[in-house]
Amino acid sequence: MTEAEGSTTGHGTGAGATEACGADAGVPTGRRGASVAAGRALRADARRNRARVLEAAEAAFASKGPSVSTEEIARDAGVGIGTVFRHFPTKEALLEAVVVGRLERLAAEAASLATAEDPGSAFFSFFASAVDRSATKIALADALAAAGLDVERAAAEVGRELRRTMGVLLGRAQAVGAVREDATVADVIALLVGASRAAEHAGWDRGVQTRTVAIMLDGLRPATGR
């Protein structure tokens, strides 16, 4: 990444930004437009690099655990180590971004299922999918906690959105009699955590995971629907 790109990733209020403003003074409109376009291209390039780092980090953390080096992540992303640290000053910041990204995708999945024709199937499908995705998230969250970072604080905003969309899924499933009426979002989250930890305890054995989820989902169904 060039120095120009670095100035667009969080340091644009310093000397670089002042110099840029000064450079535009007295520049013909056409050239100024070209300068603005170049700046936008650099910002787009910075966003692409950030996305590549996150993608590489998530894959590396999933396959090798949180101990994987940032140098290896940089190589996998096809960027220099300076680019990684420009976007994520510490390894913990990178871990945090990966965890938040996973939760954002989970919230997006819940939102996409919120208008499904079969509310019951949508709810149960989301539950099983959330457990299936939880292995790496648990490891990363534990690594962040071990580093003394507050995972709940870091994911507070996306956590609220996830709870909201889960509430929609749950409410629709209850409205058609697919889920017991006394179940709450807090209950569902507790069961998700329990199912995920149970699968972790069993070494993520697929058979144990499938049975654990099935048993918990049976508990969420009305007695007449079991």
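1. Among contacts in the chain between residues at least 6 apart in sequence, what percentage join residues at least 24 apart? The figure is 72%, with a contact meaning heavy atoms within 4.5 Å. Before going on, a word on what you are looking at: this is a predicted model, where local features need pLDDT of at least 70, side-chain atom pairs count only at pLDDT 80 or more, and totals for chains, interfaces and linings use all residues. Residues are numbered from 1 along each chain as its sequence is written, and side-chain values use heavy atoms, with hydrogens and water left out.

2. On the overall build, the chain has twelve helices and zero strands. These are DSSP runs numbered from the N terminus (helices are H or I, at least four residues; strands are E, at least two). Of the 226 residues, 36% count as buried; buried means under 20% relative accessible area, exposed means over 50%, and partly exposed is in between (1.4 Å probe, protein chains only). The accessible surface comes to about 12300 Å², and 55% of that belongs to carbon and sulfur atoms. Those areas come from the Shrake-Rupley method with a 1.4 Å probe, and for residues only the protein chains shown count as cover.

3. Now the core. The largest nonpolar core has 49 residues, and those with the most contacts inside it are Phe61, Ile73, Leu94, Phe123 and Phe127. Elements giving two or more residues to this core are α3 (29-64), α4 (70-77), α6 (91-113), α7 (119-132), α10 (156-175), α11 (185-201) and α12. The top contributor is α6, with eleven residues. For the record, a nonpolar core is a set of buried Ala, Val, Leu, Ile, Met, Phe, Trp, Tyr and Cys residues joined through side-chain atoms within 4.5 Å. As background, nonpolar side chains in soluble globular proteins tend to be buried together.

4. Setting aside neighbours within four places in sequence, Leu94 is in contact with Val53, Leu54, Ala57, Phe61, Ile73, Val84 and Phe88. Ile73 also turns up among the buried residues of α4, together with Thr70, Glu72, Ala74 and Ala77. After α4 comes Gly78, which has a positive phi, near 75°.

5. Which two residues form the aromatic pair? They are Phe123 and Phe124, edge-to-face at 5.4 Å centre to centre with 75° between the planes. A search of the whole structure finds one aromatic pair. The rule is that rings of Phe, Tyr and Trp (its six-membered ring) pair if their centres lie within 6.5 Å; planes under 30 degrees apart count as stacked, over 60 as edge-to-face and the rest as tilted. Phe123 counts as buried at 2% relative accessibility, and Phe124 is buried too, at 11%. Arg221 lies over the face of Phe124, 4.2 Å from the ring centre. To qualify, NZ of Lys or CZ of Arg has to be within 6 Å of the ring centre and within 35 degrees of the ring normal.

6. Val131 and Val213 are 82 residues apart in sequence but 7.9 Å apart in space, C-alpha to C-alpha. Ser121 is also in α7, but is partly exposed at 42%. Its side chain makes a polar contact with the side chain of Asp118 at 2.8 Å. A polar contact is a pair of N or O atoms within 3.5 Å; within protein, one must be able to donate a hydrogen and the other to accept it, and residues adjacent in sequence count only if both atoms are side-chain atoms. The C-alpha atoms of Ser121 and Ala178, 57 residues apart along the chain, are separated by 8.4 Å.

7. On α10, is Gln174 buried or exposed? Gln174, found in helix α10, counts as buried because its relative accessible area is 18%. The side chain of Gln174 reaches the backbone oxygen of Arg180 at 2.9 Å. Not counting residues up to four places away in sequence, Gln174 touches Val179, Arg180, Glu181, Asp182 and Ala183.

8. Last, α12. Thr212 lies in this helix, which covers residues 206-220. Thr212 is buried, with a relative accessible area of 15%. Leaving out residues up to four places away in sequence, Thr212 touches Ala195 and Ala198.
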